[in-house]
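Here is a friendly briefing to read alongside the model. Keep the viewer open and follow the topics one by one.

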Amino acid sequence: MAKLPFSFYQGTDVNLLAQQLLGKVLYTRLGDEITAGIIVETEAYKGVEDRASHAYGGRLTNRTQTMYERGGISYVYLCYGIHHLFNVVTAPEGVPHAVLVRGLEPLQGLELMLARRKMLVLKPNLTAGPGALAMAMGIDRSLNAKDLLGDEIWLEDQGALLSEPEIVSCPRVGVDYAGEHALLPWRYYVKGNRYVSKPNR
DNA sequence: GTGCGGATGAACT
DNA sequence: GTTCATCCGCACT
């Protein structure tokens, strides 16, 4: 096991963190059920100054509280009343930066993922897209604010798992309401990977 | 207490 | 391309 160290999550350059998370491995262990996937798509949300962020303008509520805690924990919330979205909280306590994980390449526990998604055969949409991958990994709000160095949900560096991990950046998805901030190229993904949601943007 | 809308995905035409 | 499922969080009264 080579879990990402506490220090990895303390940087304040959330865009750099978002790129560095590509190729890392996300694990969940729920009871005896272990699943894992390689991160291939992320988006950076830059705290108080980012209109697309829940913490824009310093907003502090029961939900956004998690983002203000020190880096190295999870931030999981419900979107559209249906989908759970998983984020990695970064930066020191008081700085609400987070990275949304939008795409995973399955690595371990494929049968479990298929069962959780009620799918019979492997298709890229098993884990392409933030709501889809959360369901496949068994992530819901009970995994909010968990220590990412714990044994329920964590990240590892297993070296170069992707061939030619060319990184592409482009505007973020679904944040049109954020005005000019919607145009910032703060989405990052591995070029050509099948588990990237909406590849042509 | 009430009302509105969302960092989506799937199933349609 | 369009529609809809489905419900919590947030702002406001």
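A polar contact here is a pair of N or O atoms within 3.5 Å; within protein, one must be able to donate a hydrogen and the other to accept it, and residues adjacent in sequence count only if both atoms are side-chain atoms. With that in hand, a polar side-chain atom of Arg141 is 3.5 Å from a phosphate oxygen of DNA strand C.

This is a predicted model, in which local features need pLDDT of at least 70 and side-chain atom pairs count only at pLDDT 80 or more, while totals for chains, interfaces and linings use all residues. Residues are numbered from 1 along each chain as its sequence is written, chains are lettered from A and ligands numbered from 1 in the order in which they are written, and side-chain values use heavy atoms, with hydrogens and water left out.

**DNA strand C**

- The residues near this strand (a heavy atom within 4 Å of it) are Arg59, Thr61, Arg63, Thr64, Leu78, Tyr80, Gly81, Ile82 and Arg141.
- By class they divide into three nonpolar, three polar and three charged residues, where Ala, Val, Leu, Ile, Met, Phe, Trp, Tyr, Cys and Pro count as nonpolar, Asp, Glu, Lys and Arg as charged, and the others, Gly among them, as polar.
- Sugar or phosphate makes up 73% of the atoms of DNA strand C within 4 Å of the protein, and bases make up the rest.

**DNA strand B**

- There are 21 residues around DNA strand B, and His83, Asn87, Arg117, Gly129 and Tyr177 come nearest.
- Of the atoms of DNA strand B that come within 4 Å of the protein, 53% belong to sugar and phosphate.
- The surface near DNA strand B has 11 nonpolar, eight polar and two charged residues.
- At least two residues of that surface come from each of β4 (83-90), β5 (97-108) and α4 (130-137); helices (H or I, at least four residues) and strands (E, at least two) are DSSP runs, numbered from the N terminus.
- Base nitrogens of DNA strand B lie 3.1 Å from a polar side-chain atom of His54 and 3.3 Å from a polar backbone atom of Gly81.
- On the phosphate side, an oxygen of DNA strand B is 3.4 Å from a backbone N or O atom of Ala132.

**Two buried residues**

- Thr127 sits in the loop between α3 (110-116) and α4.
- Why is Thr127 classed as buried? Its relative accessible area is 1%, and buried means under 20%, exposed over 50% and partly exposed in between (1.4 Å probe, protein chains only).
- A polar atom of the Thr127 side chain is 2.5 Å from the backbone oxygen of Leu104.
- Beyond its neighbours within four places in sequence, Thr127 is in contact (heavy atoms within 4.5 Å) with residues including Arg102, Met113, Leu133 and Tyr195.
- Tyr9, in the segment before α1 (14-21), is buried because its relative accessible area is 0%.
- Leaving aside neighbours within four places in sequence, the contacts of Tyr9 include Leu4, Gly71, Val88, Leu148 and Leu155.
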